[in-house]
Amino acid sequence: MPALLLDGKYVAQLTEANLTERVAKLKERTGDRTPVLATILVGDDPASATYVKMKANACKRIGMESLAIELPSTIKTNDLLREIEQLNINPDVHGILLQHPVPSHIDERAAFDMIALDKDVDGVTCLGFGRMSMGEPAYGCATPQGIMRLLEHYKLDLAGLHAVVVGRSPILGKPMAMMMLQANATVTICHSRTRDLESHIRQADLVVGAVGRPEFIRADWIKDDAIVVDAGYHPGGVGDIEIAPLIERVKAYTPVPGGVGPMTINTLIMQTVESGESALA
Ligand code: NAP
């Protein structure tokens with residue numbers, strides 16, 4: 001039987017329809033105020049500029065405002081921290097997105113951690129990560145939270161499954177592993193120093209590819225009936241996992257593109273709407 005396609009584009013569109021209604025209701029109640037997402041772009045990396053634009057467009061689609069802050073690549077960490085501080089105390093801003101990566105001379109961790117917890121709608125602070133890991137309320141990191149929402153939409157229960165997450169970055173692999181642990185999976189985290197990666201993946205009921213290398217995880221490492229989640233996206237429309245040969249024999253898989261990608265932005269704007277609703281209530 002062909003595998004279940006985990007259609008992130010579709011789930012994101014469904015959610016956008018709901019968010020559009022919520023924003024309209026909020027405007028009615030508050031004399032035309034909407035949630036506001038502040039986006040910070042440091043430098044002129046074209047890919048980062050495109051991502052920020054896509055996020056602003058998503059805000060527009062649901063009737064919500066965004067505030068674009070563009071800073072020169074030469075900015076010093078302290079000056080960036082001050083910009084973030086201003087947004088933290090600005091009552092008209094409900095969510096703050098600092099586009100990753102920032103230029104290498106900037107202390108990105110310090111900048112992420114400057115974001116106030118209640119405006120950390122991209123889920124990048126250590127505090128938010130710690131709270132999420134402990135099962136306390138916090139906005140989830142957008143990409144892994146989007147993956148969890150996608151799995152939930154298709155009613156895929158993770159309890160008792162062996163999930164193997166390949167990658168341990170702060171914005172993807174690590175929070176992904178903690179979210180799956182919270183969902184009662186047994187979790188293995190693999191990284192560049194893992195010995196015999198293939199043997200770990202062969203045991204997985206659920207594999208998450210978060211490596212950043214095209215089709216690095218081979219189809220023949222993945223067992224029949226596994227759930228396959230691919231966060232990667234590379235030129236030529238391939239992800240981190242060799243998916244094509246799996247379509248007839250796994251339980252479910254995310255397409256590339258149209259799986260994880262749309263859920264990331266969707267989660268960011270959903271969490272901004274939540275933040276706006278609680279601030280403007
Ligand atoms: P990253 O920061 O470069 O992290 C890559 C991870 O892969 C690291 O933890 C690294 O291990 C691990 N790795 C590298 N080589 C490996 C190997 N040979 N064996 C096992 N693990 C290995 O990347 P990222 O930001 O997490 O992104 C990962 C992928 O997801 C990329 O394809 C990226 O484009 C994609 N992504 C998609 C979205 C979205 O919205 N769709 C968002 C973010 C990222 P070490 O820690 O040991 O170096």
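The protein has 9 helices and 9 strands. Both are DSSP runs numbered from the N terminus: helices are H or I with at least four residues, strands are E with at least two. This is a predicted model, in which local features need pLDDT of at least 70 and side-chain atom pairs count only at pLDDT 80 or more, while totals for chains, interfaces and linings use all residues. Residues are numbered from 1 along each chain as its sequence is written, and side-chain values use heavy atoms, with hydrogens and water left out.

Start with the overall dimensions. The C-alpha trace spans about 55 × 45 × 40 Å along its principal axes. The radius of gyration is 19 Å, which agrees with the value near 19 Å for a compact globule of 281 residues. That radius is taken over C-alpha atoms, and the globule rule is 2.2 Å times the number of residues to the power 0.38. Of the 281 residues, 50% count as buried. Buried means under 20% relative accessible area, exposed means over 50%, and partly exposed lies in between (1.4 Å probe, protein chains only).

Now the ligand. There are 22 residues around the ligand, and R168, S169, S192, A231 and T264 come nearest. A residue counts as near if one of its heavy atoms lies within 4 Å of the molecule or strand in question. The shell divides into 9 nonpolar, 10 polar and 3 charged residues. In this scheme Ala, Val, Leu, Ile, Met, Phe, Trp, Tyr, Cys and Pro are nonpolar; Asp, Glu, Lys and Arg are charged; the others, Gly among them, are polar. Helix α9 gives the most to the shell, with 3 residues.

S169 places a polar side-chain atom 2.5 Å from an oxygen atom of the ligand. S192 also has a polar side-chain atom 2.5 Å from a ligand oxygen. For T264, a side-chain N or O atom is 2.8 Å from an oxygen atom of the ligand. On its own the ligand has 920 Å² of accessible area, and the protein covers 69% of that. Accessible areas come from the Shrake-Rupley method with a 1.4 Å probe; for residues, only the protein chains shown count as cover.

Next, the charged pairs. Side chains of opposite charge can pair when their charged atoms come close. A search of the whole structure finds 9 salt bridges. Each is a side-chain nitrogen of Lys or Arg within 4 Å of a carboxyl oxygen of Asp or Glu.

One of them joins R22 and E277, at 2.8 Å from N to O. R22 sits in helix α1 (residues 8–30) and E277 in helix α9 (residues 260–280), so the pair ties together parts that are 255 residues apart in sequence. R22 is partly exposed at 24% relative accessible area. E277 is partly exposed too, at 22%.

Other bridges sit within a single helix. R109 and D113 meet at 3.1 Å, N to O. They are 4 residues apart in helix α4 (residues 108–114), about one helical turn. R109 is partly exposed at 31%, and D113 is partly exposed at 33%. R202 and E198 form another salt bridge, with their closest N and O atoms 2.8 Å apart. Both lie in helix α8 (residues 197–202), again 4 residues and about one turn apart. R202 is partly exposed at 41%; E198 is partly exposed at 29%.

Finally, the backbone. The peptide bond from H100 to P101 is cis, with omega near 0 degrees. P101 lies in the loop between β4 (95–98) and α4. V256 and P257 are also joined by a cis peptide bond, with omega about -5 degrees. P257 lies in the loop between β9 (252–253) and α9.

Two residues other than glycine have positive phi. K155 has phi of about 55 degrees. The loop that holds K155 runs between α6 (142–153) and β5 (162–166), and K155 is exposed at 73% relative accessibility. D225 has phi near 75 degrees. D225 is in the loop between β7 (206–209) and β8 (227–230), and is exposed at 55%.

Terms used:
A polar contact is a pair of N or O atoms within 3.5 Å; within protein, one must be able to donate a hydrogen and the other to accept it, and residues adjacent in sequence count only if both atoms are side-chain atoms.
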